[in-house]
Each structure stands twice: as C-alpha cells, then as structure tokens.
Amino acid sequence: MSEFFHSVTLDRDKCQGCINCVKRCPTEAIRVRDGKAKIIKERCIDCGECIRICPHHAKLPIFDPLSIMEDYKYTIALPAPALYGQFNNLDDVDILLTALLKLGFDEVYEIAKAAELVSDSTRKLMSQGALAKPVISSACPAVVRLIRVRFPELIHNVLPLHAPIELAARISKQAAVKKTGLQPEEIGTIFISPCPAKVTAVKMPLGTEKSAVDGVVAIRDVYPKLLGLMKEVNIPNEMSSAGRMGIGWGSSGGEATALLNERYLAADGIENVIKVLEDLEDEKFTDLDFVELNSCSGGCVGGVLTVENPYVAKARLKRIRKYLPVSCNRIDDVIPREAKWDARLEYLPVLQLDSNVDAALSKMNEMNEIIARLHGIDCGSCGAPSCKALAEDIVRGFATEDACIFNIKAQLHNLEDKISGLKKGELE
Ligand code: SF4
Ligand code: SF4
C-alpha cells in the first residue's frame with residue numbers, strides 16, 4: 001500500500017481550475033497546475049471541505065459499495081448515530097435497526113453503544129488524573145490528522161482512546177466469532193458513515209496498526225434503501241441499546257456533555273476548529289478539562305456523505321433522545337484493552353521547510369525575500385492559496401516566480417518599453 005491513502009479524489013475531466021478548493025483547504029494541500037487541481041497527498045487530512053466547496057463536483061469521496069457485504073459469510077452493520085437524524089418522524093430507533101437486518105446484515109451493533117463505553121472510559125481516565133489537560137477528543141479523524149501535521153505541541157493532549165467506530169468493530173467482531181464459530185476474516189464489520197475522513201481512518205488508522213472495520217459505506221447510499229425497508233417493518237425487533245449520551249455523539253457537543261463535566265469547549269466547522277487549536281497552542285484557555293472538535297459543521301451530522309441538512313438532523317437527534325435513558329452502557333473498573341490506542345500518535349512534519357534547523361532557517365529567509373518580491377494580493381491566479389504558499393512552493397522547488405501573473409505582466413511591460421526604446425532609436 002502507498003504511504004498515504006486518501007478518501008478524497010479528483011475527477012480531472014470535471015475540474016475547471018477555478019481555485020475555489022485551493023482557497024478553502026485548511027492545510028494548503030491543493031494547487032492548480034496546468035488548469036487542474038492537484039492534491040498534495042502528504043498534507044491532505046481528508047476533511048472533505050473541497051468536496052463541499054467545488055461548484056463543478058470535481059472532488060469526490062471514496063467509500064465502499066454496499067455489495068461489500070457479499071465478501072463475508074456474516075456481516076455486522078455499524079450505524080453511526082448521525083444516520084438516525086436522516087429520517088423524518090423516526091420515533092423508534094428499532095424500526096431503523098430492524099430495517100438494517102432486512103437490508104441483509106446479520107447483526108447490528110450501534111456506534112452509539114460504543115460511544116457510551118468511550119465516554120465512560122474517558123471519565124475514568126480523567127478522574128484518575130491520567131491525561132494531560134485539556135484533553136482533546138480523538139473522535140474526529142480529520143481533527144486528529146490536522147493536529148498531527150499542524151499542531152505538534154498538542155499531540156500529547158489527544159485522548160489516547162479509539163473512536164467509537166473502532167471499539168464497536170472490535171467488540172462486535174469478537175462476540176460474533178464466539179457466537180458463529182467463524183474465523184474473524186469471514187465476518188465483515190461494515191460502518192455506515194457520514195464522512196470520508198472515517199474511510200481514511202479505517203484504511204490508514206492512527207492509534208493502531210490495523211483497524212477492525214472491514215468496510216465503510218456511505219449514509220447517502222444506504223438511505224434510499226432503508227426508507228423503503230422501514231415501511232415494511234410492522235413490529236420492530238427490540239434492538240436499540242444506547243441512551244441519550246451515545247446518540248448525542250452524532251452532533252457537536254454530544255461527546256463533551258457525556259463527560260458530565262462543565263469545563264469543556266465544543267467547536268465545529270474546520271475554521272472554528274483551527275481557531276481553537278491556535279488558541280490552545282497559545283495557552284489561551286487555562287480552565288478547560290475537555291475540548292471536543294468536529295471538522296464538519298454541526299458535528300458528524302454535517303458530513304458530506306449524509307443526505308439531510310445538519311441542523312435538521314441535529315434537531316431530530318434531540319427529539320429521538322428525549323425519552324431515552326441517560327446511558328445504557330458502562331465499563332467495569334478497568335478500561336477495556338480494545339478501547340486503548342496501541343500505537344502512539346506521531347508528528348508528521350509535512351509543513352516543515354527542512355528537517356535540518358539551519359537549512360530550514362535559510363529556506364525561511366529565502367522565502368521571506370521571495371514574499372517581498374511578490375505582490376501580497378493572494379489572488380490565487382498562480383494556483384497556490386496565497387503569495388506565501390507560492391513562495392514556499394518556489395523554495396521547495398515546485399514552482400517559479402513566473403507563476404505570478406503580476407510578475408509576468410511586469411516582464412511584459414519591461415519588454416514593451418525595451419521594444420519601443422529600440423524603435424525610437426531606429427527612427428532617430
Ligand atoms: S473547486 Fe477545485 S476541483 Fe473544483 S473545479 Fe475548482 S479547482 Fe477544480
Ligand atoms: S479533503 Fe480537506 S485537506 Fe484534503 S485537499 Fe480537500 S480540503 Fe484539503
């Protein structure tokens with residue numbers, strides 16, 4: 001496998017080179033070259049912002065087709081809480097879970113259930129004083145990747161527990177092996193996802209060598225099928241086993257409130273996330289215990305693989321949760337092994353100019369000189385998001401100052417002046 005897997009890709013034929021995505025990318029991972037966008041794979045965190053912004057639908061998410069179920073003898077659906085918010089008037093979650101069985105899954109394990117186990121584990125670790133404060137949630141894979149490339153000083157604050165999706169896959173697969181007598185590879189754990197970042201989290205996991213999730217399908221692919229199947233459910237099976245806390249994880253603030261600790265901050269939307277991370281790096285928050293950050297606006301309900309407006313979905317989740325118990329799942333005194341990270345989160349210095357400090361300083365000086373020669377308009381016509389980014393590309397050897405249209409214009413003016421000077425000389 002290549003060193004980088006990305007769940008966001010480009011349809012070159014559709015790309016018009018308009019630079020909308022270049023300006024929007026939070027890690028400056030896109031350039032337009034020869035009229036087409038190009039993703040710098042080392043920098044991309046799979047946040048999905050470019051999918052959202054592209055007016056020509058040229059940026060596409062990658063996920064598995066539902067037919068992936070056919071690759072396994074026994075399949076377990078892992079529905080994200082955000083799925084519950086997609087349906088109008090869903091008063092009973094069991095109708096949806098029963099429809100998943102009708103779709104062909106042998107079993108359903110709610111991510112909301114695993115979320116309650118993660119919340120309980122986090123509460124215990126925090127009460128033991130075992131974590132650096134403020135603890136930053138590790139649930140949104142795009143945020144964890146952003147911290148890894150852009151905020152290395154905050155790595156030690158990231159909660160070293162798997163996201164509920166990973167825990168759900170591990171627990172449900174182990175139980176299914178015991179129940180069916182099948183081999184683990186014959187059992188498929190299929191996550192029904194709101195966003196492409198989760199696809200990357202499965203194919204290139206952080207915090208572990210290998211994910212227990214076998215496939216990731218999009219909510220938007222499953223949704224129309226479930227709509228029909230839910231109408232066929234007369235008496236739903238009693239399946240739901242998550243409370244208010246677990247389902248609350250589907251929208252922004254749900255994870256933080258499940259900690260029963262008021263010293264928290266919850267931010268959503270990639271720009272707000274970056275602002276909070278910058279403030280954390282500058283130690284502006286001195287009295288916080290926990291920080292929940294979601295790359296998508298509204299939290300997971302705002303993922304690009306969903307079908308419903310995130311704020312409508314959020315309101316629906318609130319309604320579903322109203323009559324549920326607070327929580328239905330707790331851990332014993334010991335944090336389950338399956339919940340803990342088994343690999344460290346390492347800094348990925350893709351934004352560094354050079355690994356050697358002296359070389360990095362000299363490149364920085366060179367970059368500043370180039371910036372002074374550029375025009376500071378950040379127009380994006382060169383295909384880079386800003387003049388600073390173009391200067392960086394030049395220092396790294398990926399572009400030249402001729403990429404700047406103002407430089408070309410100045411060169412043309414000089415040429416014009418020379419030609420008219422020569423003509424004048426000839427006449428005299
Ligand atoms: S937004 Fe990006 S991918 Fe979409 S057309 Fe413009 S340059 Fe191409
Ligand atoms: S997915 Fe996010 S990080 Fe990756 S190229 Fe698109 S906007 Fe940039």
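S386 touches E28 and D378, leaving out residues up to four places away in sequence; contact here means heavy atoms within 4.5 Å. The model is a predicted one, in which local features need pLDDT of at least 70 and side-chain atom pairs count only at pLDDT 80 or more, while totals for chains, interfaces and linings use all residues. Residues are numbered from 1 along each chain as its sequence is written, chains are lettered from A and ligands numbered from 1 in the order in which they are written, and side-chain values use heavy atoms, with hydrogens and water left out.

S386 sits in the loop between α14 (357-373) and α15 (387-396). Helices (H or I, at least four residues) and strands (E, at least two) are DSSP runs, numbered from the N terminus. The cut-offs are under 20% relative accessible area for buried and over 50% for exposed, with partly exposed in between (1.4 Å probe, protein chains only). E28 belongs to the loop between α1 and β2 (30-33), and its phi is positive, near 50 degrees, in a residue other than glycine. I19 also has a positive phi, near 65 degrees, and is not a glycine either. This residue lies in the loop between β1 (8-10) and α1 (20-24) and is buried, at 18% relative accessible area.

As for the overall layout, the protein has 16 helices and 11 strands, and its C-alpha trace spans about 100 × 50 × 40 Å along the principal axes. Of the 428 residues, 53% count as buried. The domain assignment gives domain 1 (1-62), domain 2 (66-128 + 161-250 + 300-339) and domain 3 (354-428); such bounds come from an automatic or database assignment. The centres of domain 1 and domain 3, taken over C-alpha atoms, are 25 Å apart, and the contact takes nine residues from domain 1 and 15 residues from domain 3.

Now for the ligands. Around ligand 1 there are 15 residues, the closest being C15, Q16, C18, C21 and C54; a residue counts as near if one of its heavy atoms lies within 4 Å. By class, this shell has 10 nonpolar, four polar and one charged residues. Ala, Val, Leu, Ile, Met, Phe, Trp, Tyr, Cys and Pro count as nonpolar, Asp, Glu, Lys and Arg as charged, and the others, Gly among them, as polar. Ligand 2 has C25, C44, C47 and C50 among its surrounding residues, and its shell divides into eight nonpolar, two polar and two charged.

The largest nonpolar core has 40 residues, with I76, L78, Y109, L161, I165, F191 and V213 making the most contacts inside it. A core of this kind is a set of buried Ala, Val, Leu, Ile, Met, Phe, Trp, Tyr and Cys residues joined through side-chain atoms within 4.5 Å. Helix α5 gives the most to this core, with seven residues. Another core, of 35 residues, lies apart from it and includes L90, V93, L103 and V222.

Helix α5 itself is mostly covered, with 15 of its 17 residues buried. After α5 comes G129, with a positive phi near 70 degrees. Further along, P134 is found in the loop between α5 and β7 (135-136), and the peptide bond from K133 to P134 is cis, with omega near -5 degrees.
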